[in-house]
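Here are my notes for you, written as numbered points. Have the model open while you read, and click on each residue as it comes up.

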Amino acid sequence: MTDHLAAPGPDPKVLRLIRKYELEGLGDELEAQWTRPDDRSSLRGLADSFNERLLRAALDDAGVDTITDDVSRLYALLDGDEGSRGERTAARRRLERADVDVETLQDEFVSYGAIRSYLTGYRDASLPESEADVRETESRTIEGLRQRTIAVTESKLARLRDGGHLQLGSHRVLADVQVLCEECGRQYDVARLLETGTCDCEDS
C-alpha cells in the first residue's frame with residue numbers, strides 16, 4: 001500500500017519522521033518486513049531498526065561518518081540498552097560535539113506501538129494468515145453450509161409432513177460431508193481433513 005491511499009486524519013509519528021528525514025521507501029520496507037510469511041520481523045525489531053535509521057540520518061545531516069556497527073552501538077547506548085552510565089554519557093557528548101540535538105533525537109525514537117499504529121492504522125497492513133488459519137476459516141464456512149443444509153431440509157420435511165404429503169415419524173436430519181481422495185483411495189470427513197491439512201498421500 002502507498003501512503004497517499006491512507007485514510008485522512010492526523011499523520012502518525014512514524015510518517016512525520018519518514019518525511020522529516022526524507023526516508024523515502026522506508027514505509028514500504030517496514031510493511032514488507034512485518035507481513036512477509038517467512039522470517040518476519042517483530043514490531044520491536046522494526047522499531048529498533050527504524051530508530052537506527054533516524055540516528056544514521058541525523059549523523060549524515062551533521063556530516064558524521066559512521067559504519068553500521070557504530071550506529072547500532074550508538075543507538076543501543078542512547079536507548080539505554082547497553083553500556084555503563086559513563087559510556088552512555090560519552091556517547092551523548094560525542095554526538096553533541098558534532099552538533100547533533102541528542103535530546104530531540106531521543107524524543108523522536110519510536111516505540112513498537114508507534115510502528116504498529118503506523119502499519120495497521122495508516123497503511124492498513126495485517127499479518128498473513130498461517131496455513132492452519134486459512135483452513136480453519138474455510139472449515140467454518142463449510143460447517144455453516146452444512147448446518148444450513150440441515151435446517152433447510154428439516155423445514156421442507158416439516159412442510160411436507162404438515163401438508164399430508166409425507167408420512168414421517170420422529171426423526172433427525174444428518175448431513176455428513178466426505179472427501180474421497182482418488183490418489184490414496186481413502187475417504188475423509190471434511191472437517192477432520194482440514195484440521196490435519198493432509199490426506200494419506202503424504203505417507204505413500
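1. Let's start with a term you'll need throughout: a residue is buried if its relative accessible area is under 20%, exposed if over 50%, and partly exposed in between, using a 1.4 Å probe and protein chains only. By that rule Glu108, with a relative accessible area of 9%, is buried.

2. Some ground rules. This is a predicted model, where local features need pLDDT of at least 70 and side-chain atom pairs count only at pLDDT 80 or more, while totals for chains, interfaces and linings use all residues. Residues are numbered from 1 along each chain as its sequence is written, and side-chain values use heavy atoms, with hydrogens and water left out.

3. Back to Glu108, which lies in helix α6. Helices here are DSSP runs of H or I with at least four residues, strands are runs of E with at least two, and both are numbered from the N terminus. The side chain of Glu108 makes a polar contact of 2.5 Å with the side chain of Tyr21. (A polar contact is a pair of N or O atoms within 3.5 Å; within protein, one must be able to donate a hydrogen and the other to accept it, and residues adjacent in sequence count only if both atoms are side-chain atoms.) Beyond neighbours within four places in sequence, Glu108 is in contact (heavy atoms within 4.5 Å) with Lys13, Leu17, Lys20, Tyr21 and Leu54.

4. Now look at helix α3, residues 43-61. How far should its 19 residues span at 1.5 Å a residue? The answer is 27 Å, and the end C-alpha atoms are 27 Å apart, so the two agree. (The expected span is 1.5 Å times one less than the number of residues.) Among the buried residues of α3 are Leu46, Phe50, Asn51 and Leu54. Asp48, also in α3, counts as partly exposed at 28% relative accessibility. Just after the helix, Gly63 takes a positive phi of about 75°.

5. Next, the largest nonpolar core, which has 36 residues. (Such a core is a set of buried Ala, Val, Leu, Ile, Met, Phe, Trp, Tyr and Cys residues joined through side-chain atoms within 4.5 Å.) Helix α3 gives the largest share, nine residues. Leu55 is one of the residues with the most contacts inside the core. Not counting residues up to four places away in sequence, Leu55 touches Val71, Leu74, Tyr75, Leu78, Leu95 and Leu105.

6. How many aromatic pairs does the structure hold? It holds two. (Rings of Phe, Tyr and Trp, taking its six-membered ring, pair if their centres lie within 6.5 Å; planes under 30 degrees apart count as stacked, over 60 as edge-to-face and the rest as tilted.) Tyr75 and Phe109 are edge-to-face, 5.2 Å centre to centre with 80° between the planes. Tyr75 sits in α4 and Phe109 in the loop between α6 and α7, so this pair ties together parts 34 residues apart in sequence. Both residues are buried.

7. The other pair is Tyr118 and Tyr122, with centres 5.8 Å apart and planes at 15°, so they are stacked. Both lie in helix α7, four residues apart, about one turn of the helix. Tyr118 is buried at 0% relative accessibility, and Tyr122 is buried at 11%.

8. Finally, visit Pro10, in the segment before α1. Pro10 is exposed, with a relative accessible area of 82%.
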